[in-house]
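Here is a short report on how one protein chain is put together. Look at the sequence and the model first, then read on.

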Amino acid sequence: MNRVFIAHAGVVSALGRGLDTLYRGLIKEKNGFSRVNRFSTASYVSDIAGLIPGLSLTKAGAMESAVIELAMGLIRELPHELSQQIKIGRLITASTKGGIDLLRTDSFFATSSDRQNGLPASAARGLPVSSLTANITREIGIKKTGFNISAACASSTIALAKAGELIRSGREHTVAVLAMDLVTEFVFSGFSAIGSMGPGPAMPFDRHRQGLTLGEGAALIVLTSREPLARKHNPAPSEMAGWGIAGDAAHLAAPDKMAAGLKTAILQACKTAKISPERIGIISTHGTGTVYNDAMELKAINDLFPSKAVMANSIKGSIGHTLGASGAIEAALCTKLLEEKTLPGTKGLIDPEQGAVPIFSSRNRTFETTPVLTINSGFGGINAALIFQVLP
């Protein structure tokens with residue numbers, strides 16, 4: 001069975017473009033939130049979000065072009081030497097909501113002729129993310145058909161797991177995972193309506209947390225079975241050693257209070273990586289800042305790591321909840337953690353919830369070389385976990 005190495009990780013978020021920019025911003029406790037001006041927020045719980053600097057979605061149809069530009073921008077940032085040496089066998093995209101925003105706008109119709117005939121854009125060219133995989137695949141010359149994963153807020157974590165399986169089984173040697181989601185009124189109004197959104201910046205694992213803050217972002221992660229590529233193009237080459245996916249089906253929107261699905265996913269990831277949970281020293285959590293998600297994650301962490309020897313954080317108090325992109329952004333960050341050996345503090349954490357201390361802290365903390373676990377959960381009881389470790 002092949003091993004799975006990280007050949008490249010690129011990110012764009014509310015803190016700017018690039019993985020280094022994201023990491024340094026987190027270390028410096030920067031806040032990526034700004035006032036939303038793409039639509040009126042007068043009827044919603046909050047008026048802020050983690051918006052990508054310079055990205056405008058005020059014009060009809062802008063979402064589609066913005067998604068494509070984000071995707072192509074990350075692909076163009078692949079180091080030239082690396083892009084020449086690897087042949088990507090398959091592209092997997094990931095998004096929570098795809099192009100569903102277009103269903104409620106005039107831009108859903110492709111042309112004036114289509115409007116007259118009542119034909120939606122999907123009939124002519126497909127909704128943006130549902131057709132994005134095919135468009136990008138053609139653009140970068142991948143011959144095999146790719147696919148999109150839409151599995152709520154665990155979308156890109158599951159996409160990475162599927163990529164890992166393709167490589168480990170020998171069906172592919174190199175797979176690219178491209179994840180993205182944008183802040184639009186459709187999703188903003190939805191989270192406000194169901195009571196998951198807080199009025200101010202998210203406060204993950206704080207006992208006074210009131211809900212999540214939305215964010216947007218994208219990530220491109222290239223996985224390969226070719227270890228020399230990983231060593232050559234990364235200061236601290238790393239391996240995606242394990243992954244696990246599990247569902248608890250406890251509630252349509254709320255997580256299982258006993259964290260059964262998340263614990264199963266973590267244990268599966270440990271089994272795939274052939275390590276015990278005691279080996280894990282760092283956890284990058286989903287950490288949305290909602291009452292029930294954070295409580296569920298604390299339950300899982302305290303049950304599986306009772307010695308409290310682990311250190312954990314959440315980055316959503318800095319860049320917001322980037323939905324389907326969050327897992328890939330956090331996975332990319334895990335590779336940076338293994339290089340820098342410093343875990344950024346959890347911004348927004350002031351008065352830690354019971355069971356959060358000493359696992360979580362608002363301070364940056366250094367650590368020794370250790371496997372890093374990242375976890376994500378989503379609506380419908382979806383849970384996924386990945387384990388990364390540095391190569392000796």
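## A tour of the predicted model

Alanine 66 is buried, with a relative accessible area of 6%. Buried means under 20% relative accessible area, exposed means over 50%, and partly exposed lies in between, all with a 1.4 Å probe and protein chains only. This is a predicted model: local features need pLDDT of at least 70, side-chain atom pairs count only at pLDDT 80 or more, and totals for chains, interfaces and linings use all residues. Residues are numbered from 1 along each chain as its sequence is written, and side-chain values use heavy atoms, with hydrogens and water left out.

Where does alanine 66 sit? Its place is helix H2, residues 62–76. Helices (H or I, at least four residues) and strands (E, at least two) are DSSP runs, numbered from the N terminus. Not counting residues up to four places away in sequence, alanine 66 touches Leu55, Leu57 and Leu182. Contact means heavy atoms within 4.5 Å. Leucine 182 is 116 residues from alanine 66 along the chain, yet their C-alpha atoms are separated by 8.8 Å.

## The whole chain

The protein chain has 13 helices and 15 strands. Of its 392 residues, 60% are buried. Take the contacts between residues at least 6 apart in sequence: 79% of them join residues at least 24 apart.

## Two buried sites

Glycine 324 lies in the loop between helix H12 (316–319) and H13. Is it buried or exposed? Glycine 324 counts as buried, because its relative accessibility is 0%. Leaving aside neighbours within four places in sequence, glycine 324 is in contact with Ala94, Ser95, Thr96, Ala152, Ser155, Ser156, Ala179 and Asp181. The C-alpha atoms of glycine 324 and alanine 218 are separated by 8.9 Å, and these residues are 106 apart along the chain.

Glutamate 239 belongs to strand S9 (residues 238–247). Glutamate 239 also counts as buried, at 5% relative accessibility. Which side chain joins that of glutamate 239 in a polar contact of 2.9 Å? The partner is arginine 3. A polar contact is a pair of N or O atoms within 3.5 Å; within protein, one must be able to donate a hydrogen and the other to accept it, and residues adjacent in sequence count only if both atoms are side-chain atoms. Beyond its neighbours within four places in sequence, glutamate 239 is in contact with residues including Val4, Phe5, Ile387 and Phe388.

## Aromatic pairs

A pair of aromatic rings is described by the distance of the centres and the angle of the planes. Rings of Phe, Tyr and Trp (its six-membered ring) pair if their centres lie within 6.5 Å; planes under 30 degrees apart count as stacked, over 60 as edge-to-face and the rest as tilted. By this rule there are four aromatic pairs. The rings of phenylalanine 39 and phenylalanine 188 have centres 5.3 Å apart and planes at 65°, so this pair is edge-to-face. Phenylalanine 39 lies in the loop between strand S3 (33–35) and strand S4 (48–50), and phenylalanine 188 lies in helix H8 (residues 185–193), so the pair ties together parts that are 149 residues apart in sequence. Phenylalanine 205 and phenylalanine 360 form a stacked pair, 4.0 Å centre to centre with 25° between the planes. Phenylalanine 205 lies in the loop between H8 and strand S8 (217–224), and phenylalanine 360 in the loop between strand S12 (342–343) and strand S13 (365–366), so this pair ties together parts that are 155 residues apart in sequence.

| Residue | Relative accessible area | State |
|---|---|---|
| Phenylalanine 39 | 12% | buried |
| Phenylalanine 188 | 0% | buried |
| Phenylalanine 205 | 0% | buried |
| Phenylalanine 360 | 3% | buried |

Ring pairs also link Phe39, Tyr44 and Phe188 into a cluster.

## Helix packing

Helix H7 (residues 155–168) and H13 pack at an angle of about 65°, with their axes 5 Å apart. Axes are lines fitted to C-alpha atoms, for helices over the stretch in contact, and angles run from 0 to 180 degrees between N-to-C directions. The contact is made by Ser156, Thr157 and Leu160 of H7 and Ser326, Gly327, Ala328 and Ala331 of H13.
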